[in-house]
Amino acid sequence: MMKPIPTTLLLTLSLSTAHAAETDFPKPINTQEETTELPCPRVVIKETQLPDGFHMNLAARDPEIQQPIAMAWDAKGRLWVAECYTYAMRGITFNMDLRDRIVIFEDTDQDGEFDNRKVFWDKGHRLTSIAIGHGGVWATCAPNLLFIPDRNGDDIPDAEPEIILDGWEGNPIKHNIVNGLKWGPDGWLYGRHGITSASNVGKPGTPEDGRTMLKCSIWRYHPVHKTFDVVCEGTTNPWGHDWDENGQLFFINTVIGHLWHAIPGSYFERMFGQHFNPYLYELLQQTADHYHWDQGAEHWADLKKKGMTGSTDAAGGGHAHCGMLIYQGDNWPEKYRGKVYTANLHGRRINVDRLERKGTGYTAKHEPDFVKIPDPWFRGIELSTGPDGAVYILDWSDIGECHENDGVHRTSGRIYRIYHGDNPKPRHGDLRKLPSEKLAQLQLDPNSWYADMARLILHERATANAKDLGKARKVLEESFETTCAIPTKLRALWALSLLGMDEGGYLKLLGHENEHIRAWGIRYISDQGSPSPKAREAFAKLAKEDPSGIVQLYLASSLRHTDPAQVWEVATALSSRPEFAEDPVLPLLLWYGVEPAVKSNPAKALALVKATKMPKLRQFVPRRLSEK
């Protein structure tokens, strides 16, 4: 039963604001024609409908927040927001006469409305995402991935930004630009990239032949080992991703399908035909079993030309999705936990998908839309769960189409907050002040926000060789051994890995009774490079005997980091399993891992063809052998 939420009080715009860094900040220029009036947030909230028991309030609004494109939380529970004023005007170039900035919002009285604001940095261009951790702020500002140091935590940059990686395509690309920084449970910093142009990425000074070419993709960077990795490739313009309670990564996309399971080494369907590797032959399809527009009645481009049909409205509101979270907080009722939530740009709503296991991987089922926001200016661009368990929504606030071909309204923006029941409050203060033992205990917290933030701090302390990690390790080892809940075991495992584990510890995981823990053992060993002979022997045994589809997927995924000469035993065992022969994912993922080795060892390749039960491999291997 849906009912209107009560009218909430409009956020008072008397924020305590630090403007020291704003004295010479260029005045934003609006190029969007205001064909309809920008509504008062009070009216938007009054007219928005939510499920029973839910409420929405305004956490911040323009002019204190403008052009919000991304957000990240710090250990104090403050929200950092990236404001992208340089976003493309009419045409296809960014406005380099303007600048972008990072602002910090704080709710000092914990009433759900930000009452303190300060500017951290205002020298950016093409700023599309931020992440906080390891002594500073990480920011994507094409063509660079930047690190802005603030090691003393005084909210003032210690020095000029350091260029960590360069080569990201900037102009003339606008809406497919590099974006999406977010820490993964494995301690890597993850990001995204769109399809419109290619980037050739590497550390500054790296020659062209030593760089990594990528287009639409999910990528990651390790803050300690300084390594760069392309996780998976394909789709169109991913602009949202998150991990479920088992550490499975999913991401959202536009135009050709909205939800995808990001198994490392995957190559997905693309908006513009085949991948630039001509030997992939076939690409993986989306994970969801549905679309959020009526494919039978209209082309995706019809929505912006003709308006929304009733059938597309019923299907979810359109093809364009921005922002995504898998709710794992402790404020919303249990039935909402674990589902995928994404902002539908043209539909002005939040779509919901329910994840289910299917074959070796997953599918996603369509559920009723969570909320519709009847504001023609509403452009939801990112969702994030806070330390209070509420969900925060960045509203870009513009009436233009998503590519902004008709100008940009730069002086608007809002942050909304959705919660259930009584107004929730954070339960802990500054996590950086807690001893490591307490941070380890927070892996048991029902709000994953605390577990994730605590794990990041433990990683930082392990990197700095902190002296108090022994007790934390004992807490984590006990949690892993004694708790019954697999998600809690996994949290403990992720934290233990960041404190330091060797291959022997990971090999023990391969014998665990739970499939997700075995899969994480495979992932950790693979991330260390080409597996050792002992690891390959264990992998081959799993490939022959393990009944779990998710384990089989990660064994196939491990081949991307295996020496091509050593892939055959595991690959042949995997391909010989008749129960997975027609699976929609495993045969293709296995092919992607084997293909680089086929031409260099025709005898092994033909032996695989003889042993395999997978029709696709019987087709692909001979085809590859016959080509140059």
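Visitor: Which residues does Arg560 touch, not counting residues up to four places away in sequence?
Guide: Arg560 touches Arg220, Asp229, Val230, Val231, Pro264 and Gly265, leaving out residues up to four places away in sequence. Contact here means heavy atoms within 4.5 Å. Before we go on: this is a predicted model, where local features need pLDDT of at least 70, side-chain atom pairs count only at pLDDT 80 or more, and totals for chains, interfaces and linings use all residues. Residues are numbered from 1 along each chain as its sequence is written, and side-chain values use heavy atoms, with hydrogens and water left out.

Visitor: Okay. Which side chain makes a polar contact with the one of Arg560?
Guide: That of Asp229, at 2.8 Å. A polar contact is a pair of N or O atoms within 3.5 Å; within protein, one must be able to donate a hydrogen and the other to accept it, and residues adjacent in sequence count only if both atoms are side-chain atoms.

Visitor: Where does Arg560 lie?
Guide: In the loop between α11 and α12 (568-575). Helices (H or I, at least four residues) and strands (E, at least two) are DSSP runs, numbered from the N terminus.

Visitor: Why does Arg560 count as partly exposed?
Guide: Because its relative accessibility is 27%. Buried means under 20% relative accessible area, exposed over 50%, and partly exposed in between, with a 1.4 Å probe and protein chains only.

Visitor: What caps the N-terminal end of α11?
Guide: Ser548 does. One of its side-chain oxygens lies 3.3 Å from the backbone nitrogen of Ile550.

Visitor: How do α11 and α13 cross?
Guide: Their axes come within 8 Å and cross at roughly 20°; α13 covers residues 586-598. Axes are lines fitted to C-alpha atoms, for helices over the stretch in contact, and angles run from 0 to 180 degrees between N-to-C directions. The two helices are therefore roughly parallel. Angles under 35 degrees count as roughly parallel, over 145 as roughly antiparallel, 65 to 115 as roughly perpendicular and the rest as oblique.

Visitor: Left-handed or right-handed?
Guide: The crossing of α11 and α13 is left-handed. That means the near helix is turned anticlockwise from the far one by less than a right angle; clockwise would be right-handed.

Visitor: Which residues make the contact?
Guide: Gln552, Leu553, Ala556 and Ser557 come from α11. Leu586, Leu589 and Leu590 come from α13. They divide into five nonpolar, two polar and no charged. Ala, Val, Leu, Ile, Met, Phe, Trp, Tyr, Cys and Pro count as nonpolar, Asp, Glu, Lys and Arg as charged, and the others, Gly among them, as polar.

Visitor: New pair. How far apart are the axes of α7 and α9?
Guide: They are 11 Å apart, and α7 (residues 486-499) packs against α9 (residues 515-527) at about 20°. So these helices are roughly parallel to each other. Their crossing is right-handed. Lys489, Leu490, Leu493, Trp494 and Ser497 of α7 meet His516, Ile517, Trp520 and Tyr524 of α9. That contact has six nonpolar, two polar and one charged.

Visitor: Switching to strands. Where is Thr140?
Guide: In strand β10, residues 136-141. Thr140 is buried, at 1% relative accessible area. Its side chain makes a polar contact with that of Thr128 at 2.7 Å. Another, of 2.6 Å, joins the side chains of Thr140 and Ser129.

Visitor: What is the phi of Thr235?
Guide: Positive, about 80°, although Thr235 is not a glycine. Most residues other than glycine have a negative phi. Thr235 lies in strand β18, residues 228-235. Thr235 is buried, with a relative accessible area of 0%.
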